[in-house]
Structure formats: C-alpha cells, structure tokens
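Please keep the sequence and the structure in view while reading.

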Amino acid sequence: MTRAEKAAAVRPTLAAVAQAAGVSASTASLAFSGAGPVSPATRDRVLAVAAELGYGGPDPRARSLRRGRSGIVGAVIESSLSDAFRDPVNVAMLDGLADVTGPADNSLLLLTETGPEQSRLIDAPVDAVVLFGCSLRLDESVAVVRRRGIPVVSIEARAMEGVLDIGLDNVDASRALARHLHDLGHRDVAVVALQLGPTRTLGPITDERIASGTTHTALQRLQGVREVFPRARGVVTAGSCTSEGHRAGRALLDVAPDQRPTAIVAQSDLLASGVIAAASELGLEVPRDLSVVGFDGIRLDDPRAADLTTMRQPAVEKGRAAGRALLDLLAGAPAESTTFTSVFHRGSTTAPPRR
C-alpha cells in the first residue's frame, strides 16, 4: 500500500505529516502558520507531504480549545443585513472595527437581532461583542453577554453598568443644526426621526412614542432639536433609508401650503435625501421653498442632496475605537468610554424662509 493509500484509510493528522516529512510536530505547525524559523525548503516539503496525504491544515477548533478563545468578535446589528449594508455609516463603522481587530488575529461574525426570537448571542462562538445601534434590545443583549462573562462594547447606547460605550455628541450636534435654522429665521421646523422603538411603522412623533422610545441615538437627536424648537413636530420612520425619508417628506409636505414647515431636520443624510426627493415631486425647491438638514456626512448620489447641510460624524474612527476597547478588555487592560464630536457642514440646502 502506498503512502497515499494508507493516509486514505484514516484521517490524516499533523503528527502524520511531520513524521512523513521528517520534521518535528512543532516545525510542521510553524510551516502551516507561516511564522517562526522555518526554512523555505522545509516549509515546501511539509506542504507537499500534506497535499499528498490530503491534510488541509490544523483544525481551527483544536486551536481554539488550546487558546481558550474562538478568535471571533461578534458585531451585533439590529436590522437585516440587507438593510444594514444600505447605510454607509454601518459599513464605515464595520470597516473601522475590522481595521483594528483583523491585524490582532480576530475574525468578525455578523449577528442580527431583528425580532422577538431568542437572542443569537446565547450560543454564538464569540470572545467579545460590539453592539451596533442595538438600543431596541440592549437590555436583553447585555444580559446575555453578562451571563457568558464576555466583554461587550456598545456604539451610541445609553449608559449601562458593565458596558463600555463609544459615543457621539448627538444632542450637541443636533442642537447646532437647529440653531443654524433658527439663526436663518426659521420658526416652523419639523423633524424626520429615526426609528424610536420596536414598532417599525411610519407615524407622527407623539409624547407616547417618545416616552416608550428605546433608540438612544434618535431620542438624543430629537432632544437636541427641541432644545431650540420645543414644539417641533415631526414623523417617526422605520429606519435610515431614502425611501423612509421620502414617505415622511410626503406626509409633512403634501398638505396645504400654510401647514407646511419651512425647514426639516432629518436625523440621517439618507432620510434627508428622501425628504428632498419628496419636495421636488411636490414642486418645492430646496432651499428656496424648504430648508433641509441631515446628519452623518455621507456621500449622496442624488445631485439635489449632494451638498447637504449636515453634521459629519467620524464613523470609521468610532469603529476603530470600539475595536481598540475590545482588544484592551480581552487582554485584561483598562479601557474607557469615548465620545466623538461631529463637525458642522453648511451646504446648499438651507436658506432663510420665504416671506
């Protein structure tokens, strides 16, 4: 029986490869990892023998058992992946997280928490977790990871014991946007809000929806606007996308002229783009007939919203900060919460109201 025929009878192991290549098991392991003082000739010989025996490399499960870790960081997103990846802010934050965790030999596992079913965090093979905008089910998610004893970092969540948060100046930034409109002379200002709570339906902003709201980012941005315009009305959407902004824009603007707001504060640039599209359909010109501001500072393809007045947030840096905090927590090193500052950009979508 040839060497290959013998190997086919049993599952090949690293020890078998090492013996057949005439090297120690540790040398064979280093040859596969690409690390350590292994000559190119020895590495080539080990890999050639492994190919002949049908050995694909060390079992990652065994490696995890030896290290006591999976080498996986969970990124929990509270929407379907198709919706999440339509928002450039989510993509930028994931890029930032991967920039830091990848070079530290960690993989990313994307988990979605979109419904009432049992949390995926209960048995996910992760060493640590980053919660992306998961304020709708934050309590449940945090309770699960606490029971498992794994580190958790949140991005823009309310303060919770045992959770390190990477924050953004949502209140201050939204107040600055509202102050900009106030200084231009606007007094009838409406808000197109992100999802406030578990109910994913378009509807008016009411005291009841605010009181039961669980989405920290949306509530903070609304608070900032109402510090300047205490009676600002508005519409709650089902999330950050252009189509939702369009629906909200139609609800606010497809009314009698004397009932229209003179300015709209959209809680994301995607929502703002939809509002501008709705205004255009109704024959309203931005900013002559309506001023619109957004939030995020993303690139928009619609030329009508390309130079949007907005707050530019450092989404990639937020993801990197979350990654650094996770690595510190995994290493047992001290880590602190961080709050980032947005930068105001005055674009071409705001002007004084028409008299």
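**Surface, sheets and salt bridges**

The chain has an accessible surface of about 16,700 Å², and 52% of this belongs to carbon and sulfur atoms; accessible areas come from the Shrake-Rupley method with a 1.4 Å probe, and for residues only the protein chains shown count as cover. The model is predicted: local features need pLDDT of at least 70, side-chain atom pairs count only at pLDDT 80 or more, and totals for chains, interfaces and linings use all residues. Residues are numbered from 1 along each chain as its sequence is written, and side-chain values use heavy atoms, with hydrogens and water left out.

The secondary structure comes to 14 helices and 13 strands. Helices (H or I, at least four residues) and strands (E, at least two) are DSSP runs, numbered from the N terminus. Of the 355 residues, 50% count as buried, where buried means under 20% relative accessible area, exposed over 50%, and partly exposed in between (1.4 Å probe, protein chains only). A contact means heavy atoms within 4.5 Å. Among contacts between residues at least 6 apart in sequence, 71% join residues at least 24 apart.

Strand 5 (residues 164–168) has five of its five residues buried. In a regular strand the side chains alternate between the two faces of the sheet. In strand 5 both faces are covered, with Leu-164, Ile-166 and Leu-168 on one side and Asp-165 and Gly-167 on the other. Two strands pair if DSSP finds at least two bridges between them. Strand 4 (residues 152–155) runs parallel to strand 5 and is joined to it by three bridges; Val-153 has Leu-164 as its bridge partner. Strand 12 (residues 338–340) also pairs with strand 5 in the parallel sense, over three bridges, and here Ile-166 stands opposite Thr-338.

An open sheet of five strands has the order 7-8-6-9-10, with mixed pairing. Strand 7 (203–204) and strand 10 (291–293) are at the edges with a single partner strand each, so one side of each lacks a neighbour in the sheet. Within this sheet, four bridges pair strand 6 (residues 189–193) with strand 9 (residues 263–266) in the parallel sense, and Val-189 is bridged to Ala-263. Helix 12 (residues 242–253) packs on the sheet, where it touches strand 6, strand 8 (233–236) and strand 9.

The charged pairs come next. A salt bridge is a side-chain nitrogen of Lys or Arg within 4 Å of a carboxyl oxygen of Asp or Glu, and the count by this rule is 16. In one of them, the side chains of Arg-175 and Glu-227 meet at 2.6 Å, N to O. Arg-175 lies in helix 9 (residues 170–184) and Glu-227 in the loop between helix 11 (216–226) and strand 8, 52 residues apart. Arg-175 is partly exposed at 29% relative accessible area, and Glu-227 is partly exposed at 39%.

Arg-221 forms a salt bridge with Asp-296, with the closest N and O atoms 4.0 Å apart. This pair links helix 11 to the loop between strand 10 and strand 11 (310–312), across 75 residues. Arg-221 is buried at 3% relative accessible area, as is Asp-296 at 7%.

Definitions and conventions:
Axes are lines fitted to C-alpha atoms, for helices over the stretch in contact, and angles run from 0 to 180 degrees between N-to-C directions.
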